Amino acid sequence: MKMANLAINHINKSFGNLTVLKDIDIAIEDGEFLVLVGPSGCGKSTLLSIIAGLDDHTSGSITIDGKSVQGLEPKERDIAMVFQSYALYPAMTVEQNIGFSLEMSKMPKPERLERVGKVADLLQIRHLLKRRPGQLSGGQRQRVAMGRALVREPKIFLFDEPLSNLDAKLRVEMRTEIKKLHQRLGATIVYVTHDQIEAMTMATRIAVMKDGILQQFGTPEDIYDRPANVFVATFMGSPPMNLLPAVIVDGSQGLSIQGADAMLPVPFSAVTRAPQGKKVLLGIRPEWLSLASTSTYQPTLDLYVEVVEPTGPDIFVALRLGEREIMGRLPTGSRTRVGEKARFAVDLSKAVLFDAETGIAI
Amino acid sequence: MSLQLDAESAAILSPGIDLRISRILGRYFVYGCLVVLAAIFLAPLISMLFTSLKSMDEIRSGNILSFPKALTFEAWQHVWGSACIGVTCGGLKGYFGNSFLIVVPATLISVGFGALNGFVFANWRFRGDHILFGLILFGCFIPLQIVLIPMAGLLGVLHLAGTIPGLVLVHVVYGICFTTMFFRNYFVTIPAEIFKAARIDGAGFWAVFVRILLPISWPIVMVSIIWQFTGVWNDFLFGVSFAAGSSQPVTVALNNLVNTSTGTKAYNEDMAAAMIAALPTIIIYVAAGRYFLRGLMAGAVKG
Ligand SMILES: Nc1ncnc2c1ncn2[C@@H]1O[C@H](COP(=O)(O)OP(=O)(O)O)[C@@H](O)[C@H]1O
Ligand SMILES: [Mg+2]
């Protein structure tokens with residue numbers, strides 16, 4: 001399969017007075033799996049349409065393989081797209097649906113049928129080839145939509161929330177399947193979702209967007225462990241990252257947590273960048289808390305256990321520190337009881353500090 | 001006293017019985033109303049049919065709603081093949097044929113153009129598209145009488161005055177407003193992603209229209225065909241204004257036939273002629289009426 005690198009260069013887009021994309025700048029290598037993630041209405045689909053050539057942009061450029069695709073029709077861009085509603089052609093059989101693009105490019109029928117058959121085998125839908133979309137289940141339609149993209153063997157696959165119309169179980173299955181497909185084909189994929197779990201599990205690169213502005217672009221580890229701002233920190237991860245308002249004290253060595261009588265050392269990564277007296281937000285993911293053993297070398301907090309929610313593999317605990325609520329995630333079997341006060345160790349090597357005014361990571 | 005109490009407690013214990021009785025009564029009421037209304041609607045048609053199958057003697061002596069005692073098709077045969085209309089005495093059959101020669105092309109052409117126009121208005125944005133569609137909608141509300149004189153002038157210029165092609169043109173022009181509106185309103189309910197997918201697949205204007213849209217448009221095609229067929233078939237005003245002599249449609253001929261008969265009114269012949277003139281539209285409704293209903297609903301309810 002052919003490969004491509006894709007560059008989205010300073011793209012701006014407005015509909016009349018409404019600006020929906022502001023200076024989006026992203027570049028990926030061949031074979032990467034880029035996930036565009038963000039809340040509904042943040043401009044993900046619009047960006048995808050611009051890459052596909054279905055929508056014009058106001059300024060900026062898109063390059064595929066180093067060449068600008070300005071003015072090229074979608075069919076000339078060597079892309080394929082899978083839509084949220086699948087957008088299958090209702091009157092055509094599965095075989096005709098998958099083969100339609102090849103038919104439009106005037107590929108001879110025997111060759112076309114062979115390509116369709118190969119894709120059908122890959123997706124295990126050969127037995128459905130003679131059916132029409134109306135006779136298929138949601139999951140089967142989803143596969144046909146993917147088949148329609150795969151059969152073109154494009155440089156870049158574009159997916160617009162392809163799993164959001166499936167039920168939860170099927171969604172997890174298809175997630176794995178798309179990931180397998182990516183590894184097997186080595187294809188370049190741009191995948192839009194509002195589901196942060198999909199983003200984390202599938203991506204090699206994530207672009208987090210909000211209100212048409214790129215918040216952070218990086219690997220899933222970057223995004224999860226080193227969020228660029230408060231929005232990314234709370235949008236990615238479930239339950240979200242805890243944010244505790246605090247003030248820098250002790251010559252930049254200590255954090256005084258506001259609304260609670262508690263102190264923690266300043267995370268090492270931020271020591272040199274946070275002057276005394278600065279108001280900050282201390283970001284701690286739920287799993288960076290653990291029940292402290294007596295011999296722990298990590299800093300600790302004494303927290304009051306309010307609610308315990310076993311989920312199976314984990315236990316979520318709602319904790320209280322003075323006026324502050326903190327979510328913790330403990331391994332199953334941890335000894336906690338509602339109503340008791342327990343000592344928790346905080347993994348400050350991971351904790352993140354944000355400027356309380358701007359919300360940007362320090 | 002104790003009996004009353006029993007009845008009350010029974011009602012409390014099984015409230016279902018009362019409910020069921022009122023439901024059954026309600027249903028009888030509804031069906032009763034429907035039967036009465038259907039009878040009122042059908043009475044004229046039945047009266048026409050019975051009268052057309054009677055001899056004049058029987059008509060004079062009997063009830064207009066009574067079943068014919070001696071069935072006779074003489075009236076039908078006469079008006080079809082030999083009744084005098086104006087100065088010629090060839091019956092309705094030639095005019096009946098004229099109506100088909102007008103209706104079939106007028107319907108096909110206006111439905112075809114309506115489908116194309118609807119596709120363009122539903123999926124293509126161009127300068128002034130809203131204004132143009134507004135004008136077309138406005139065309140649905142122009143009273144027929146207003147255009148008679150300019151249209152006559154136009155037909156004269158085109159050398160189509162008094163001809164069947166001229167009448168076809170008039171009906172096509174008038175029908176396109178309606179068919180465009182029907183198709184456009186149907187096509188806008190089709191999800192936009194389908195058109196995007198087609199564009200990515202490299203399908204052009206005609207491929208999208210013929211391969212993707214038309215095969216799922218049969219409900220609205222049926223609506224448009226029935227609408228146009230009945231409208232054009234039943235037209236009298238355009239027919240009487242723009243068609244001359246032997247190119248007149250059956251509606252005009254029917255009028256002339258009824259007015260030509262001299263002496264005593266031959267009710268059986270008038271009724272037979274009216275039945276013949278109305279038959280194609282009745283057949284279309286009976287055969288395709290359910291598609292008409294379904295097609296009208298298809299635009300309103302998504303999916
Ligand atoms: N054709 C359009 N005309 C005007 N506004 C639009 C159009 N398409 C999208 N928008 C607006 O652009 C914003 C981003 O939309 P979209 O890209 O669909 O968001 P997302 O896919 O992230 O949910 C939304 O506020 C939406 O209302
Ligand atoms: Mg979207």
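Predicted model: local features only at pLDDT ≥ 70, side-chain atom pairs only at ≥ 80, totals over all residues.
**Stop 1**

Select residues 6–235 of chain A. That is domain 1. Now colour residues 242–355 of chain A. That is domain 2. The centres of domain 1 and domain 2 of chain A, taken over C-alpha atoms, are 39 Å apart.

**Stop 2: where the domains touch**

How many residues of each domain of chain A are in contact with the other? Domain 1 gives 9 residues and domain 2 gives 8. The two domains of chain A bury about 680 Å² between them. Carbon and sulfur atoms give 60% of that area.

Next, select Y224(A), D225(A) and V230(A). Within domain 1 of chain A, these lose the most area to domain 2. Together they make up 65% of what the domain 1 side buries.

Show helices α7 (220–225) and α8 (230–235) of chain A. Each supplies at least two residues of the domain 1 side that touches domain 2. By class, this side has 6 nonpolar, 2 polar and 1 charged residues.

Which links cross here? Between domain 1 and domain 2 of chain A there are 0 salt bridges. Residue pairs in polar contact across this interface number 2.

**Stop 3: V232(A)**

Stay on helix α8 of chain A and pick V232(A), which lies in it. Is V232(A) buried or exposed? V232(A) counts as buried because its relative accessibility is 0%.

Now show what surrounds this residue. Beyond its neighbours within four places in sequence, V232(A) is in contact with V208(A), Q215(A), Q216(A), I223(A) and P227(A).

Then draw a C-alpha to C-alpha distance from V232(A) to G333(A). The distance is 31 Å, and 101 residues separate the two in sequence.

**Stop 4: chain B against chain A**

Bring chain B into view. Here 15 residues of chain B are in contact with 26 residues of chain A. The two chains bury about 1,800 Å² between them. Of this area, 61% is on carbon and sulfur atoms.

How many salt bridges are there between chain B and chain A? The count is 3. For a salt bridge to look at, select E73(A) and R199(B). Their side chains meet at 3.3 Å, N to O. The interface of chain B and chain A also has 9 residue pairs in polar contact.

Finish on the chain B side. Helices α9 (192–200) and α10 (205–213) of chain B each give two or more residues to the side that touches chain A. α9(B) gives the most, with 7 residues. By class, the chain B side has 9 nonpolar, 1 polar and 5 charged residues.

Note on methods
Residues numbered from 1 in each chain as written. Chains lettered and ligands numbered in written order. Heavy atoms only, no water. Domains from an automatic or database assignment. Contact = heavy atoms within 4.5 Å. Buried area = accessible area lost by both parts, 1.4 Å probe. Salt bridge = Lys/Arg side-chain N within 4 Å of Asp/Glu carboxyl O. Polar contact = N/O pair within 3.5 Å; in protein donor to acceptor, adjacent residues only side chain to side chain. Helix = DSSP H or I, 4+ residues; strand = E, 2+ residues; numbered from the N terminus. Nonpolar A, V, L, I, M, F, W, Y, C, P; charged D, E, K, R; others polar. Buried < 20%, exposed > 50% of the residue type's maximum accessible area, 1.4 Å probe, protein only.
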